Amino acid sequence: MKLSNLNERAERSPGGTALSRLRLMRQAGGENSERLVALTAGPGYGKTTLMAQLERCSAGTAIFLTFEKQDRDWRHFILRLIAEMRRLCPNFEVNLEASIKGEVQLDEDGSLAPVIAFAEEICQKLSSQFAIFLDNLEVVNDTREVTDRIRLLHDHLPCGCHCYVAGRTRPNLGLGRLRAARDVVEIGQADLQFTTEETGEFLRSASALPWLEEDIRAWHRATGGWPAALDICQRELTVAGKTAVGLLPALIKKPGALNRYLAAEIWSGLDNKRRRFFIQSSLVEPVEIDICSRAGIKTEMLPAAIDKMDAQGVVNICNEANTAFIFNPVFREFLVDKLRQSSSRSEIFQLHRNYAQAYSSAGNKDKAVHHFIEAEDFDSAAGLVEAMAASAVETGNLHLVARWLEKIPAVFKITRPWICLAQAQISFNQGDLDKSHSLVNRAAAVFGAVDSPKGLYCCALAISHMLALQNRHSESLKAAQDAQKWARESSEHAYASRRAVVQQQILGRRRIKRWRIGDQTLAFGHESPEQSRLKILLSDLDLLFLKGDFGRLLKCSLELNNKTDVESLALPYRFFLFLHLANAYYQTARYEEAYEVILKTSQSIQEPVYRPAIDCLAERIDFYSGNKSRRQEDASKIVNKNKSLDRNWAHLGTKARRLGFCREALKLHEQNFACCRRGEKLLFETVGILANVGADKFRIVGGPGGAGEAEMTAAFALARKHGYKYLESKTHFHWAWKAFQGGRDELAREQLKAALQLAASLSHHHFVAEEGRISLDLLAFAFECDIERDFLKVIFSRIGNDAVPVLASSLTDRPAAKRVAAISAVAAAGGAAAAGIIRPLLRDDDANVRAAAKKELAAIRTGTSDPLQLLTRRESQILSVVAAGLSNLEIAAKLSISEATVKRHVSNIYLKLGLNKRRQVMEYFQPARRNLEDLVLARD
């Protein structure tokens, strides 16, 4: 936009780097019914340029007048209007000029006769497409004689004529009345500011430089959408012959054309007192008058000055009391440059210290630290950061102090233990384990020297958490016991005790007991009861997981998640809560919900030390979420693709067994067992590995042999002794499989009963479903034996269509009661796809069987009103389009897939729904389309 010498008439027409802003021209164009267009903005927002563009585009006759100081005399203003009119119309009324030079009185109805005569002359001698452009209205805006005549002229202009006024202050033309009459278009500073798109259009049209989107956004942010700043900085860049667009910050700070522009337009209008205030306040953002007063800066008579600066567009007021505002970014740099020119380095440092003390006394330690650092008073900054760090260490909100710790030299931090402890946790989150341990030990040494139980308690807990995440549970237990010793408050002691119990349980040194949270435990302590309760409950989730009570784990995790502001939680607590919730969903075979939680966790927590656990669980969920192509992969390929999970051999081995690679599974599990023997003896992991080794050997050898029996017996004994119910359930299940394969049905029935009772009570859905997927005949045997049938129905529904063939045999040649139960199980497993198998039973000889078949078919048919419960997401999309009546070819075009793929999906839909005609699909699903509005793809 052309903004140099804006008041010169010759420069009004757009040219050079001018930008035609079509959105504003449409808003203010002459086709609107409103006769007045008011443009109000500070200097440099392109008011004059827009007026010139509107004048050039006007369809009829137009005059353009820029107000001068002499126009404060209304006669001078009207005479200039007449002179402009005579340039367009030489025979314009001559007598009117003579009457204006004489004394003019108000007539009876309050109008001013010369102005009315002027408007009438326009009606007679000019077309209806007439426009008056009045620029720099702020020059006369406080002169009522002039503004009254402008308003009167507007009122008497004929329909189709427009009056455009532009100024830096809101025009005193009775806008409220005109707004009510819908006779005014108001264009403010926010409208005139460049949008990001306009910034890009301007820069690309004004320069051949290779502008990238991120560079354009950076220029737009730095200039605050101020056209003058953008134009002048761009001119500076062009003059300098630069090719790198990343030089914008340096250009803005560089004294030059922009500074001269600001000095001429704004700076000259300030008295010395206000200049000094604005210069000194440029160091803070936002500027708060109360803070400035505390810092010893004189602030009297400021509200009026701030109002004026707001009208000029160089500050934005933050509150109604005019006590806080933000500088335009470019003007702020101008003021900072003035401060550097007028003050010495020591004076600027002192000003920063004054602001730091003011913010500190107001309780805003964060900004106080900033100003101490700017003043290079690092000792005072470190003192404030240490006070902040003490709270941050306990809550885990280390981001509050992390950015300041980077800016304070090490010599000022090394003797402050709370800072050392905060740095240790930051280093640990970043994956620098050696540095974190060194810093914690240094902090503990200082706390010990000054006899600070609180500090020693926090150090011990920090060490316990760090070691637990590294699977060094013996050392973690010792640190938790040290924390118990240093705890001085009830809540501290309760939490440290919970942490010790968790480590003891992992190590097998203590059997799980049910812990209750007493109100007296939560009534004391430095932390709030809510924080104490949260920590203790998170430890209880650990115990529920170790016990294998996944039903209660899911319930408690959901309650905690729903009642807690998760985003405000400290990083370690947020991590453990998310991980427990995702694990609970995963272990109860609710993979979609688990995937959503783990995705949220992955996005929320980026710190390296937490990534292996997140990635491990994410990989498990991905594998078990039903992607059949993944199930066909070789187990070794899965291992190779997961190098980051080398320490999780148990999971990889289990996947290999469930893919049918039992020898590969045994190899992986034995490697896992060897790692455990070399490292710390973690009983919980050891029991799980022994059970897996035994299960692998069972499946490799088969029959009644003794291979794997020793491992399974040891795993069962340890699980029973230490209360690992999940692992106990697994050993029972594997023994049941071995007995069933060996033809020992009575032993198999006994072991299945023990396994499924535990699994049903503790919600071991994932294990039973996935292990049962490769042991479907065993699950069918359990169902025939009437063992936990309700639980098995849920398991069959998780397994899906694969379970239907083994259950279908129970629909014939069985007593009626068993056939009735089998119908329910087949429907649970196959859903709509089982309709074809159940339908023949409508003609069964037994009335109960016929009734059960009819009931399940009705449930299936009812269930098809919501296809999302029966079909995959892609099949649901295809279904909705089929219901809309589109052909296969049209569906392929809509979804950008091949027609062959569409046909395959349609065949699957027919199979699952027990249908065979397209017309049936349309009949059944047309009523349900209201529930599928987000999936329906209608014709263009």
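Colleague: What makes you call strand S4 (residues 162-167) mostly covered?

Modeller: In this predicted model, 6 of the 6 residues of strand S4 are buried, and buried means under 20% relative accessible area, so the strand is called mostly covered because every one of its residues falls under that limit. His-162, Tyr-164 and Ala-166 point one way from S4, while Cys-163, Val-165 and Gly-167 point the other way, and all of them are buried. In a regular strand the side chains alternate between the two faces of the sheet.

Colleague: How do you know that S4 is paired with strand S1 and with strand S3?

Modeller: Two strands count as paired if at least two bridges are found between them, and 5 bridges join strand S1 (residues 36-40) to S4, whereas 4 bridges join strand S3 (residues 130-135) to S4, so both pairs meet the condition. S1 runs parallel to S4, and S3 also runs parallel to S4. As examples of the residues involved, Leu-39 stands opposite Ala-166 in S4, and the bridge partner of Leu-134 in S4 is Val-165.

Colleague: There is also a sheet with the order S6-S8-S7; why are strand S6 and strand S7 called its edge strands?

Modeller: That sheet is open, has 3 strands and shows antiparallel pairing, and strand S6 (287-288) and strand S7 (315-317) are its edge strands, each pairing on one side only. S6 is joined to strand S8 (residues 324-327) by 2 bridges, the two strands running antiparallel, and since at least two bridges are needed for a pair, S6 and S8 qualify. Within this pair, the bridge partner of Val-287 in S8 is Phe-325. Helix H14 (residues 272-281) packs on the sheet, touching S6 and S8, and its direction makes about 75° with that of S8.

Colleague: What makes helix H42 (residues 776-784) largely enclosed by the rest of the structure?

Modeller: Of its 9 residues, 7 are buried, so H42 is described as largely enclosed by the rest of the structure. The buried residues are Leu-776, Leu-778, Leu-779, Ala-780, Phe-781, Ala-782 and Phe-783, and what covers them includes helix H39 (725-741), helix H40 (745-762), helix H41 (765-773), helix H43 (789-799), helix H44 (804-808) and helix H45 (816-830). After H42 comes Asp-786, whose phi is positive, near 60°.

Colleague: How do you know that Arg-789 lies over the face of Phe-783?

Modeller: A charge sits over a ring only if CZ of Arg is within 6 Å of the ring centre and within 35 degrees of the ring normal, and Arg-789 lies over the face of Phe-783 at 5.0 Å from the ring centre, so the distance meets its limit. A further case is Arg-149, whose charged end sits over the ring of Trp-74, 3.9 Å from its centre.

Colleague: Why is the aromatic pair of Phe-545 and Phe-550 called tilted?

Modeller: Their centres are 6.1 Å apart and their planes make 50°; rings pair if their centres lie within 6.5 Å, and planes under 30 degrees apart count as stacked and those over 60 as edge-to-face, so the two rings form a pair, and the angle leaves it in the tilted class. Phe-545 is partly exposed, with a relative accessible area of 23%, whereas Phe-550, at 1%, counts as buried. A search of the whole structure finds 23 aromatic pairs, and ring pairs link Phe-545, Phe-550, Phe-684, Tyr-724, Tyr-726, Phe-733 and Phe-767 into a cluster.

Colleague: What makes His-732 count as buried, and what makes Pro-840 count as partly exposed?

Modeller: His-732 has a relative accessibility of 9%, and because the limit for buried is under 20%, His-732 counts as buried. The residue lies in helix H39 and, not counting residues up to four places away in sequence, touches Phe-716, Gln-751, Ala-754, Ala-755 and Leu-758. Pro-840 stands at 40%, and because exposed requires over 50% and buried under 20%, Pro-840 counts as partly exposed. Pro-840 lies in the loop between helix H46 (835-838) and helix H47 (847-863), and its C-alpha atom is separated by 8.6 Å from that of Ala-853, 13 residues apart along the chain.

Colleague: How many helices and strands does the protein have, and what share of its residues is buried?

Modeller: The secondary structure comes to 51 helices and 8 strands, and buried residues make up 52% of the 940 residues.

Conventions:
Residues are numbered from 1 along each chain as its sequence is written. This is a predicted model: local features need pLDDT of at least 70, side-chain atom pairs count only at pLDDT 80 or more; totals for chains, interfaces and linings use all residues. Side-chain values use heavy atoms; hydrogens and water are left out. Buried means under 20% relative accessible area, exposed over 50%, partly exposed in between (1.4 Å probe, protein chains only). Contact means heavy atoms within 4.5 Å. Axes are lines fitted to C-alpha atoms, for helices over the stretch in contact, and angles run from 0 to 180 degrees between N-to-C directions. Rings of Phe, Tyr and Trp (its six-membered ring) pair if their centres lie within 6.5 Å; planes under 30 degrees apart count as stacked, over 60 as edge-to-face and the rest as tilted.
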